Amino acid sequence: MNFLAKHSAQLNGEVICPGDKSISQRVVMIASFLDADINITGFLNGNDPISTANALNQIGAGINIDATNVSITRREGALISSSNTIDLGNSGTGIRLLMGFISGLGIEATLTGDESLIKRPMKRVSIPLSEMGALITTSASGTPPINVMTGSLINNFEYDMPISSAQVKSAILLAGLTANKKVTVVEKKITRDHTERMINFFGGNVEVISEGEGRRITLHPTKLISKDHYKVAGDFSSASFLIVAGLIAKNSEILIKNVGLNQTRSGLLSVLKKMGANIQILNQKTECNEDVGDLLVKSSALHGIEIGGAIIPNIIDEIPILSIAASCAEGKTTIKDAKELRVKESDRLEAIASGLEVLNVSHYLYEDGIEISGVKEIVPSDQPIDSFDDHRIAMSFLISSLASSKDIKVMNCENIYTSFPSFFDEMKKIGLNMERHG
Ligand code: S3P
């Protein structure tokens with residue numbers, strides 16, 4: 001599915017941010033482990049959370065999805081082994097978190113995924129889980145399929161993460177949770193903390209202590225308390241496409257409602273503000289132990305800055321769209337310390353560089369980042385842009401049309417449905433002129 005984004009005059013109006021992908025996947029896992037019925041609202045009805053929910057149903061969870069409402073019916077702790085291979089589609093979060101969740105349950109399962117997921121590194125999770133006592137194998141190259149067999153997890157396992165990854169941290173915490181064992185994970189830089197917040201929301205005991213630029217996180221075994229309702233916050237990463245769209249389009253003003261503002265996720269706000277962005281936070285509140293609010297975004301004259309260090313894990317999924325903001329900013333923007341981008345749904349540094357080439361935006365690629373020289377107006381060549389089957393690359397380059405003198409065609413946009421299924425409708429509603437093109 002290819003899309004053509006035509007030059008649009010301005011953006012105006014209100015958008016409701018879709019449910020958070022990371023939170024939606026965590027809540028179906030943790031709620032499947034509770035011993036009572038629960039109703040979840042604001043669930044992201046996208047391909048990734050659906051893959052994760054289907055995977056959980058294959059091991060006996062009773063998850064029912066009706067649009068953005070999810071109900072999970074009482075299971076009396078009966079999560080069971082699956083003899084059929086479980087397919088997590090495109091979802092790195094789904095497969096990695098389930099590796100921990102299933103290892104702790106002491107059941108067996110084989111996990112795999114689509115063409116992109118079966119190329120992604122899984123040893124970062126299987127190594128610490130094996131050290132913890134799990135019996136888990138990957139392919140010879142450290143990729144799926146993953147075999148989880150019945151192991152016995154130790155108490156007091158401690159892991160110093162060599163990379164700052166919320167997926168690795170969450171897999172270990174979930175293994176501790178389902179095995180009822182104490183675990184400690186040390187992260188050198190702070191990563192998204194939805195797992196910690198959610199376990200505590202459900203009456204668990206996760207202790208978090210600051211350590212240098214990072215954190216020391218300990219899960220103490222505690223039986224979780226059932227709640228009858230959980231509301232998923234809006235996805236900051238999805239909102240980031242709308243935010244940058246509002247900033248780079250001329251004479252625009254958009255209100256994005258229900259945006260998750262967890263500080264470990266919303267680093268892009270401070271980055272964009274440093275670049276000169278006009279963004280106001282309204283109606284901030286806490287729901288289900290997560291911060292949410294509305295964002296009022298106005299067209300802004302941006303300027304380039306240098307970005308690196310501890311903020312990177314907090315903006316990691318937003319770097320593709322940040323590159324579009326940088327392309328429209330005066331001067332140079334340099335992004336460093338972001339090597340992890342090379343092992344996302346695509347090699348995102350290569351994918352960004354390849355798209356910027358078509359946009360005629362000059363840039364220099366580093367092993368761990370990119371330098372982008374902004375332009376007043378994007379004047380693309382006539383070639384289509386390759387999304388590399390990556391949802392965030394596809395959405396970023398469709399948004400770049402707002403600063404372009406010509407139409408922009410982006411190839412293979414199917415994977416937008418993994419994280420932001422209403423992207424086309426919502427963008428059209430506020431004025432982005434976009435159509436399906438082959
Ligand atoms: C995620 C963590 C991040 C992020 C991914 C979602 C999560 O990955 O890029 O989209 O839900 O925990 P890493 O843990 O690999 O940094």
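Which helix holds I50? I50 sits in helix 2 (residues 47–58). Helices (H or I, at least four residues) and strands (E, at least two) are DSSP runs, numbered from the N terminus.

## Basis

This is a predicted model, in which local features need pLDDT of at least 70, side-chain atom pairs count only at pLDDT 80 or more, and totals for chains, interfaces and linings use all residues. Residues are numbered from 1 along each chain as its sequence is written, and side-chain values use heavy atoms, with hydrogens and water left out.

I50 is partly exposed, at 24% relative accessible area. Buried means under 20%, exposed over 50%, and partly exposed in between (1.4 Å probe, protein chains only). Leaving aside residues up to four places away in sequence, I50 touches N45 and I65. Contact here means heavy atoms within 4.5 Å.

I209 is 159 residues from I50 in sequence. In space the two are 34 Å apart, C-alpha to C-alpha.

## Aromatic pairs

A search of the whole structure finds 10 aromatic pairs. Rings of Phe, Tyr and Trp (its six-membered ring) pair if their centres lie within 6.5 Å; planes under 30 degrees apart are stacked, over 60 edge-to-face, and the rest tilted. One of the pairs is F202 with Y230, which is stacked: 5.9 Å centre to centre, with 25 degrees between the planes. F202 lies in the loop between helix 6 (194–201) and strand 12 (205–211), and Y230 in strand 14 (residues 229–231), so the pair ties together parts that are 28 residues apart in sequence. F202 is buried, at 0% relative accessible area. Y230 is buried too, at 1%.

F423 and F424 make an edge-to-face pair, 5.7 Å centre to centre with 75 degrees between the planes. Both F423 and F424 are buried.

## Charges over rings

K227 lies over the face of F201, 4.6 Å from the ring centre. K336 places its charged end over the ring of Y366, 3.9 Å from the centre. The test requires NZ of Lys or CZ of Arg within 6 Å of the ring centre and within 35 degrees of the ring normal.

## Helix 4

Helix 4 spans residues 123–131, and its buried residues are R124, V125, S126, P128 and L129. Their cover includes helix 3 (92–105), strand 8 (135–137), strand 10 (157–160) and helix 5 (166–179). G133 follows helix 4 and has a positive phi, near 115 degrees.
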